[in-house]
Amino acid sequence: MDATVDEPGTLRLSPKQMRSILDCYRVTSGKGFRLKNYDPPADTAGHLLPRAHANALLAHGVERLAELQEKLYAQDRWAMLCVFQAMDAAGKDGTIKHVMSGVNPQGVQVTSFKVPGPEVLAHDFLWRAILALPERGRIGIFNRSHYEDVLVVRVHPDILAKQRLPRELLGKKLWEQRMDSIAAFERHLARQGTVVLKFFLNVSKAEQKRRFLERLEEKDKHWKFSSNDLAERAFWDDYQRVYQEAIAATAAPHAPWFVVPADNKWFTRLIVVGAIIEALEALDLRIAAPTEAEEAALAAARRKLESEA
Ligand code: ADP
């Protein structure tokens with residue numbers, strides 16, 4: 001499978017080529033899933049996606065995504081939800097910024113899931129995710145998501161206490177039940193016309209350290225560093241374990257996970273834009289031809305405008 005390099009030296013991938021690259025990172029079933037067996041964070045799909053062509057490929061992907069988003073918006077039937085989860089400094093924000101850089105802002109709804117306040121804590125854990133769901137015709141981006149309730153909350157039991165669940169419900173099965181709820185929620189969304197894609201940006205511990213140090217050393221990156229990030233780094237292995245379980249419990253053909261190598265930002269971005277394009281291309285995003293009555297109304301409007309003095 002060789003990618004083609006066309007005349008001006010720009011590499012293009014066919015949908016089939018892109019699909020087989022995406023297949024390396026796509027998880028559609030939890031059976032036998034092991035996070036540590038996944039392609040290493042530094043992977044870049046070898047010669048198929050050479051670094052030299054990354055910018056041109058990304059620019060092409062961003063343009064294609066913009067065309068598809070316009071059709072999604074005009075057709076106004078399907079919605080898309082892209083969930084981004086990752087350890088700190090894995091590049092969620094940069095990926096969202098670059099991948100979405102070409103789309104019409106009116107068609108995209110980005111929600112960042114922060115430490116919950118009292119209103120959120122007074123509800124069940126899916127409540128704020130439901131409120132933030134994209135409307136038909138829109139792409140919703142969750143920067144962190146409902147998954148935090150089976151990740152950070154699981155790693156830190158004191159956070160669970162703040163959720164004020166009745167004591168009778170805090171049994172051993174709590175996490176399994178939450179993951180079941182998430183799987184059922186996403187199946188429901190898929191059945192209602194929301195395409196669900198989930199990205200785990202898989203950064204290595206060594207690369208996280210390098211990026212933290214960079215944030216500490218460069219003045220204009222200081223704002224990105226929080227001492228809480230360092231505290232969470234100490235729980236690295238716990239997070240890998242809960243991520244592994246959450247991905248295994250919720251990976252499905254209608255709500256796939258992509259375990260995206262994240263040590264090379266250019267590669268992360270190409271995989272994410274490729275996965276979104278592939279999912280949108282699988283929809284029949286045609287703008288319906290006007291009905292006879294609509295045609296007549298358009299013709300009448302044209303006549304009215306033309307007859308204006
Ligand atoms: P980010 O790290 O995504 O760039 P912030 O630095 O504002 O953004 O961090 C948001 C924090 O909110 C993260 O530490 C995340 O774990 C936390 N968070 C998100 N959802 C929940 C939740 N349901 N319960 C507790 N903490 C949460």
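These legends describe close-up views of a predicted model.

**View 1**

**View 2. Strand S6 and its cover.**
Strand S6 spans residues 139–143. Is this strand mostly covered or mostly open? Strand S6 is mostly covered, with 4 of its 5 residues buried.

**View 3. Strand S4 beside strand S6.**
Strand S4 covers residues 79–86. Strands S4 and S6 pair in the parallel sense, over 5 bridges.

**View 4. Strand S5 beside strand S6.**
Strand S5 takes in residues 108–112. Strands S5 and S6 run parallel and are joined by 5 bridges. Which residue of S6 is the bridge partner of Thr111? The partner is Phe142.

**View 5. The largest nonpolar core.**
This core has 62 residues. Cys82, Phe199, Val260 and Ile276 have the most contacts inside the core. Helix H12, residues 265–281, gives the most to this core, with 9 residues.

**View 6. The contacts of Ile276.**
Ile276 is one of the residues with the most contacts inside the largest nonpolar core. Which residues does Ile276 touch, leaving aside its neighbours within four places in sequence? Ile276 is in contact with Leu65, Cys82, Val99 and Leu197. Of these, Cys82 is also among the residues with the most contacts inside the core.

Notes
Residues are numbered from 1 along each chain as its sequence is written. This is a predicted model: local features need pLDDT of at least 70, side-chain atom pairs count only at pLDDT 80 or more; totals for chains, interfaces and linings use all residues. A residue is buried if 20 or more other C-beta atoms lie within 10 Å of its own, exposed if 12 or fewer, and partly exposed in between; C-beta atoms are placed from the backbone. Helices (H or I, at least four residues) and strands (E, at least two) are DSSP runs, numbered from the N terminus. Two strands pair if DSSP finds at least two bridges between them. A nonpolar core is a set of buried Ala, Val, Leu, Ile, Met, Phe, Trp, Tyr and Cys residues joined through C-beta atoms within 7 Å. Two residues are in contact if their C-beta atoms, placed from the backbone, lie within 7 Å.
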